[in-house]
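I opened the model and started a notebook page.

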Amino acid sequence: MAALLARVAMGDQAAFGEFYELTSSHLYGVAVRILKDASAAEEILQEAYVNVWHHAGSYEVAKSQPMTWLTSIVRNRCLDQLRRREVDTVTLTSDDDDAPEFDLPSDAMTPAEMLIAGAEARSVRECVETLEAGPKQAIALAFYQGLSHSELAAHLHEPLGTVKSWVRRGLERIKNCLERAGMGR
Amino acid sequence: MNLSRPDRTARLDALAASYVLGTLSWRARSRLAFIARTDTAVAQTLRAWEQRLLPFAESAPPITPSPQVWRRIALRLGLDAVRRSERGAWWARMAFWRGFAVASFVAAVGLGLALMKIAPQQATQPIVVVLAGQNAQPALVATLSRDSRTMVVKTVGGAAVPPDKSLELWMLPDGGAPRSLGVLPATGVARITLPALPDVALANVPALAVSLEAAGGSTTGAPQGPVLYTGKVEKFY
């Protein structure tokens, strides 16, 4: 995939098309789960690929995997928009909140299962599996569905403080575990 | 966000972790991203968390986006083969592609003919916004051509407007506050003059909206009443 990106950087349209085929459904899945809005997710995807076409040359093989690089572009845009929407709710009237929720095609996996599958794919299943149920679920919901701390608290029926410390300590444990497994500095 | 000395490393690490996880508020996100542009320690901490967490995203089941997405990308970038994602990939793989060439030539001629039929209409009115309410029923249709500042807004449905209320049309700039384009009549056709030609006036405006205001429109320059209809600005050029 890094080789494809290198061709994209040189303006190779066929490589760009192939790159899109390989990556777009993955990235769209990430975006639409976070934004819960198909057209907003599509727009972010468009912007991201337009960006890739223009800036593929700035991708540095040594620093990250192509997929990690792309995922960061798309997720950051989604999260910026999502968190900004929360601030902006005063700008547009509350009717905006009543906008029809996008129905996600029902995932066969729960977010916590996705997290475990992700760990398994990296052969570090224990890094996630050994987390307690609460922290595991909180991290998975935040990561895959873009829930904020207060949304997590409401969703999991726990005080805000509890949820925050679950997330903080859970991430800390994942970090230490990955480092022991030789991943992440 | 105070990244001052003593426990800086631990705090920065926790902040970077919640940035990548996604739980940081918008303000904290923007600030951290801003600092990361010049502060390499911050940038590295963020990157380290991306390496740790983002590969987990790959385990979420993929969802295929609508073919429109690729079309729009190709259109925006002016790529020569707009249908590359459907055809280009086949092309590369097919050893016996020659047989397909005839079929796709026929298809291309058909498509060309079809395009020629719609083209004249699109050339004069290539920007269309269908404003619809929550039931997705179109209420108003706005059209304009690329070389004119006049937007024609036609009522095609929607709820009746009470006599003491007015409909007001807004541009919704990406990342900015709504900007009024003026009050619309309750029925019929309105002609609205844009502040500039569409390429400029609508450059950063992905959508329009219509709100229900007191007669004569909002007095504050921002929508005061509920937003009844919204629609995406579709540019067919």
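**Entry 1: pairing rule.** I needed one rule before counting strand pairs. Two strands pair if DSSP finds at least two bridges between them. I also noted that this is a predicted model.

**Entry 2: strand β1 of chain B.** I looked up β1(B), residues 127-132. It is joined to β2(B) by 6 bridges, and the two run antiparallel. In this pair, Leu131(B) stands opposite Leu140(B) of β2(B). Then I checked for a pairing with β8(B), residues 227-235. I found 4 bridges between β1(B) and β8(B), again in the antiparallel sense. Here Val129(B) has Val233(B) as its bridge partner.

**Entry 3: from β2 to β3.** I moved on to β2(B), residues 138-144, and β3(B), residues 150-155. They pair over 4 bridges in the antiparallel sense. Ala142(B) has its bridge partner, Val153(B), in β3(B).

**Entry 4: the whole sheet.** In what order do the 8 strands of the open sheet in chain B run? I read off β5-β4-β7-β8-β1-β2-β3-β6, with antiparallel pairing. The edge strands are β5 (179-184) and β6 (189-193) of chain B, and each pairs on one side only.

**Entry 5: two chains.** I listed the elements of each chain. Chain B has 7 helices and 8 strands. Chain A has 9 helices and 0 strands. Of the 185 residues of chain A, 40% count as buried. For chain B, 30% of the 237 residues count as buried.

**Entry 6: a helix of chain A.** Which residues of α5(A) are buried? I noted Pro111(A), Met114(A), Leu115(A), Ile116(A), Gly118(A) and Ala119(A). The buried residues of α5(A) pack against α6 (125-129) and α7 of chain A. Just after α5(A), I found Ser123(A) with a positive phi of about 55 degrees.

**Entry 7: where the chains touch.** I counted 65 residues of chain A in contact with 50 residues of chain B. Several helices give two or more residues to the chain A side, including α2 (13-35), α3 (38-55) and α4 (66-88) of chain A. Which element gives the most? It is α2(A), with 14 residues. The residues of this side of chain A divide into 29 nonpolar, 19 polar and 17 charged.

**Entry 8: the cores.** I looked for the largest nonpolar core and found 71 residues in it. Among those with the most contacts inside this core are Ala31(A), Leu45(A), Val74(A) and Leu21(B). The largest share of the core, 10 residues, comes from α2(A). I then picked out Val74(A). Leaving aside its neighbours within four places in sequence, Val74(A) is in contact with Leu27(A), Val30(A), Ala31(A), Ile44(A), Leu45(A) and Ala48(A). A second, separate core has 25 residues and includes Leu140(B), Ala209(B), Val210(B) and Leu212(B).

Note on methods: Residues are numbered from 1 along each chain as its sequence is written. Chains are lettered from A and ligands numbered from 1 in the order in which they are written. This is a predicted model: local features need pLDDT of at least 70, side-chain atom pairs count only at pLDDT 80 or more; totals for chains, interfaces and linings use all residues. A residue is buried if 20 or more other C-beta atoms lie within 10 Å of its own, exposed if 12 or fewer, and partly exposed in between; C-beta atoms are placed from the backbone. Two residues are in contact if their C-beta atoms, placed from the backbone, lie within 7 Å. Ala, Val, Leu, Ile, Met, Phe, Trp, Tyr, Cys and Pro count as nonpolar, Asp, Glu, Lys and Arg as charged, and the others, Gly among them, as polar. A nonpolar core is a set of buried Ala, Val, Leu, Ile, Met, Phe, Trp, Tyr and Cys residues joined through C-beta atoms within 7 Å.
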